[in-house]
Amino acid sequence: MQTKEFIELENRLGAHNYKPLDVVLTRGEGIWVWDVDGRRYMDCLSAYSAVNQGHCHPAIQRALIEQAGKLTLTSRAFRNDQLALFYRELCELTNSHKVLPMNSGAEAVETVIKAVRKWGYTVKGVPEDQAEIIVCANNFHGRTITIVGFSTDEGSRRDFGPFAPGFKIIPYGDAEAFARAITPNTVGFLVEPIQGEAGVIIPPEGYLRRAKRLCEENDIVLILDEIQTGLGRTGKLLAEEHEGIEADLTLVGKALSGGFYPVSAVLSNKEVMDVLRPGEHGSTFGGNPLACAVARTALRVLVEEDLVANAAAMGDYFLAELRNLDAPPVREIRGRGLMIGIELHAEAGGARTYCQKLMAEGLLCKETHDHIIRIAPPLVIGKADIDWALEKVAKIFAAG
Ligand SMILES: *Cc1c(COP(=O)(O)O)cnc(C)c1O
């Protein structure tokens, strides 16, 4: 089948809840992907940071195939010999006390909302059904009804109500606003260390430290959504390390499986997780042996290949070189590690047009909102690859 036929078929039979670039991919290796016509592209999205370890990493692939031939799913009605080891390795790596495994990122967010609310009622003593969770404007935490209910993005929430109550929205990066929003019923503060979908928005220095202190002073659980920023993307294993803090609860997903399988987890440094009793929460696939074997290897690859340090070094280089380009359409370039956003001037003609031009040059990027291009290649990228990419980026921006 040809590119055009794949696209026509997909458009005819599929729901139109995405607007992908018209490239039909069939193979991937490291930072590269190939389309059905044999054209090669550098992947500068990494499936929204799910393939930090690079496409089809051979070690993770081996773990997947090996485990798939042994045992894939038991449900949590029984135990399996991968889960405990996954817990131990994840806890050791992230310095956590407890883990609750789920599948998608949104499920991890839902999990944390349940756990923190229950903690609020049973430990903090908040009156029944009065628990409040504070979140930030322009957040992205997933697509379930609860989560889009506290989104400020019209496209994410319009016509999907009614929504769950109990959330209060404050501006991002503003610790004073957080301080003012706290009430005796506040149980949690859910925040991204860097807002990815909003366009790689980096909060002011000290923001998370201040938030952490306010949480301590007011007996509030600090929940960092590191589903995108975590596992090396920003040049640290967890983005919280940039501020030298530890969240009470941390959400990871995406790269936890290196892109092979949906695996997410809630990591706990506080006794919040202990409030959940048998029967109160779960998932048929959560913590299954296939997911655990894949995730264990995906974590091992991050460590053994020193991908966190590479993300820091390559991110610094990429960012500095991008800022050196003569690029009239660009308003601002920002980033941390290999999480980079290029914001265009309003009159530049839209980020999508530039993503299409980059695609023609062999670089796959995705716009976020109308005017921001995100650059987030797999963390295995090298300097020569970045030089190759820079040439393409320079070309399309010089041409206007
Ligand atoms: C992707 C993402 C989610 C949702 O993860 P899914 O696996 O798509 O449900 C939540 N939070 C952040 C910050 C994300 O980037």
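1. The radius of gyration is taken over C-alpha atoms, and the globule rule sets it at 2.2 Å times the number of residues to the power 0.38. The chain has 400 residues and a radius of gyration of 21 Å, which agrees with the value near 21 Å for a compact globule. Along its principal axes, the C-alpha trace spans about 60 × 50 × 45 Å.

2. This is a predicted model, in which local features need pLDDT of at least 70 and side-chain atom pairs count only at pLDDT 80 or more, while totals for chains, interfaces and linings use all residues. Residues are numbered from 1 along each chain as its sequence is written, and side-chain values use heavy atoms, with hydrogens and water left out.

3. The chain contains 13 helices and 15 strands; these are DSSP runs (helices H or I, at least four residues; strands E, at least two), numbered from the N terminus.

4. The ligand is surrounded by S104, G105, A106, F140, H141, G142, E192, D225, I227, Q228 and K254; a residue is counted as near if one of its heavy atoms lies within 4 Å.

5. Polar contacts (pairs of N or O atoms within 3.5 Å) involve several of these residues. A polar side-chain atom of K254 is 2.6 Å from a ligand oxygen. A polar backbone atom of G105 lies 2.8 Å from an oxygen atom of the ligand, and a backbone N or O atom of F140 is 3.4 Å from a ligand nitrogen. The protein buries 81% of the 380 Å² that the ligand exposes when taken alone (Shrake-Rupley method, 1.4 Å probe).

6. Two backbone details deserve attention. Most residues other than glycine have a negative phi, and most peptide bonds are trans. A47, in helix α2 (residues 46-49), has a positive phi near 50 degrees. G161 and P162 are joined by a cis peptide bond with omega about 5 degrees, and P162 lies in the loop between α7 (154-157) and β6 (167-170).

Terms used
Polar contact = N/O pair within 3.5 Å; in protein donor to acceptor, adjacent residues only side chain to side chain.
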